[in-house]
Amino acid sequence: MDVRDTAKYLETITPDSPEAKSIIGEVYEKRFAEILCKQGSMGAHIWVYTGPRGDYLLVPRSFCSCKDFMIRTASTKKTLACKHLIGLELAVKLGKKREVSLSADECVRVVFEILEKNVSPTLRKALYTLQE
């Protein structure tokens, strides 16, 4: 199993898939956020799952910073993807994601907060102030 296998697997996921049952509610709650990081004319994207027990960094179809991904997908290769990667795939397909623009410095802060504290107050404040 490698990243290509994970990508192929995730392409087949639908809201009715058995694998989607554990995350579909969180998809409709819009717990997945695309952060647009801007610096001058340059830009990048960061994907984050904002959960009740913490935030996770995501790379679509290939990586999640959650423990389940680290253990069951990356290390032991027991699964092709964690529920957060499945949820991100569905959130994008269904248009159930939030978007927020942050400066490059804020984006770096978000990443470090998630890696160090497992939650990003910077991101949550930005998402909270969004008008939907």
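**Close-up views of a predicted model**

**Close-up views of a predicted model**

View 1. Residues are numbered from 1 along each chain as its sequence is written, and side-chain values use heavy atoms, with hydrogens and water left out. A disulfide, taken as a pair of cysteine sulfur atoms within 2.5 Å, joins cysteine 107 to cysteine 37, with S to S at 2.1 Å. This pair links distant parts of the chain, with cysteine 37 in strand β1 and cysteine 107 in helix α5, 70 residues apart. The link is left-handed, with -105° about the S-S bond, and cysteine 37 counts as buried because its relative accessibility is 8%.

View 2. Cysteine 66 is in no disulfide, and the nearest cysteine sulfur, that of cysteine 64, lies 3.7 Å away. For cysteine 82 the closest cysteine sulfur is in cysteine 64, at 3.7 Å, which is too far for a bond. Cysteine 66 counts as buried at 2% relative accessibility, and cysteine 82 is buried with a relative accessible area of 1%.

**View 3. Helix α5 and its cover.** Helices (H or I, at least four residues) and strands (E, at least two) are DSSP runs, numbered from the N terminus. Helix α5, residues 104–117, has 14 residues and should span 20 Å at 1.5 Å a residue, which agrees with the 20 Å between its end C-alpha atoms; the expected span is 1.5 Å times one less than the number of residues. The buried residues of α5 are Ala104, Cys107, Val110, Glu113 and Ile114, and what covers them includes β1, β2, β3, β5 (98–103) and α6 (121–128). Asparagine 118, which follows α5, has a positive phi near 70°.

View 4. Two strands pair if DSSP finds at least two bridges between them. Strand β1 (residues 32–39) and strand β2 (residues 42–51) run antiparallel and are joined by eight bridges, with alanine 33 opposite valine 48 in β2. Their hairpin has two residues between the strands, and glycine 40 takes a positive phi near 60° there. Strand β3 (residues 54–59) pairs with β2 in the antiparallel sense over five bridges, and tryptophan 47 stands opposite leucine 58 in β3.

Technical notes:
This is a predicted model: local features need pLDDT of at least 70, side-chain atom pairs count only at pLDDT 80 or more; totals for chains, interfaces and linings use all residues. Buried means under 20% relative accessible area, exposed over 50%, partly exposed in between (1.4 Å probe, protein chains only). Contact means heavy atoms within 4.5 Å.
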